[in-house]
Amino acid sequence: MDDSKVGGGKVKKPGKRGRKPAKIDLKAKLERSRQSARECRARKKLRYQYLEELVSSRERAICALREELEMYKQWCMAMDQGKIPSEIKALLTGEEQSKSQQNSSRHMKAGKTEANNNSW
């Protein structure tokens, strides 16, 4: 069988398959390439700025957490020595006050709910 023939008696043309490239103006092609390169560099610059900001914000968060950890270590060392740091006392009394305020507000809400139920 002849290689130039394909089923159905059609003749196969030699060369590349697919659409033939149109004659493109060389200057226009170069300008599009330059524009594409400019846009790529701009995107890259923005991406690096974003990543740098992300890294710096994470570094600040890490520093804050390290400071907090150091504070807790100092509190633990003080408590091991039998001293209660004033910050912990303030936290405990603040929590007790907030709990008592929450309980009193719950009782007030419960009283209002009962009063509303009785008025029906």
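In which element of the protein is confidence lowest, and in which is confidence highest?

**View 1. Confidence along the predicted model.** This structure is a predicted model, and its confidence is lowest in strand S1, which covers residues 5-6 and has a mean of 50. Confidence is highest in helix H1, where the mean is 96. Taken over the protein, the mean pLDDT is 81, and 69% of the residues reach 70 or more. Where pLDDT is low, the predicted coordinates should not be read in detail.

**View 2. Helix H1 from end to end.** Helix H1 runs over residues 26-80 and contains 55 residues. From the first C-alpha of H1 to the last, the helix reaches 80 Å, which is close to the 81 Å expected at 1.5 Å a residue. After H1 comes Gly-82, a residue whose phi is positive and lies near 90 degrees.

**View 3. The salt bridge between Glu-31 and Arg-34.** A search of the whole structure finds two salt bridges, and one of them joins the side chains of Glu-31 and Arg-34, with a distance of 3.8 Å from N to O. Glu-31 and Arg-34 are three residues apart in helix H1, so about one helical turn separates them. An α-helix has 3.6 residues a turn, so residues three or four places apart point the same way. Glu-31 is partly exposed, with a relative accessible area of 39%, and Arg-34 also counts as partly exposed, at 45% relative accessibility.

**View 4. Arg-38 and the network around Glu-31.** Glu-31 also forms a salt bridge with Arg-38, and here the closest N and O atoms are 3.1 Å apart. Arg-38 has a relative accessible area of 38% and is therefore partly exposed. Through these contacts, Glu-31, Arg-34 and Arg-38 are linked in a network of salt bridges.

**View 5. The cysteines Cys-40 and Cys-76.** Cys-40 is partly exposed, at 41% relative accessibility, and Cys-76 is partly exposed as well, with a relative accessible area of 42%. A disulfide would need a pair of cysteine sulfur atoms within 2.5 Å, and by this rule the count of disulfides in the structure comes to zero.

Methods. Residues are numbered from 1 along each chain as its sequence is written. Side-chain values use heavy atoms; hydrogens and water are left out. A salt bridge is a side-chain nitrogen of Lys or Arg within 4 Å of a carboxyl oxygen of Asp or Glu. Helices (H or I, at least four residues) and strands (E, at least two) are DSSP runs, numbered from the N terminus. Buried means under 20% relative accessible area, exposed over 50%, partly exposed in between (1.4 Å probe, protein chains only). The expected span of a helix is 1.5 Å times one less than its number of residues. pLDDT is the predictor's confidence in each residue, from 0 to 100.
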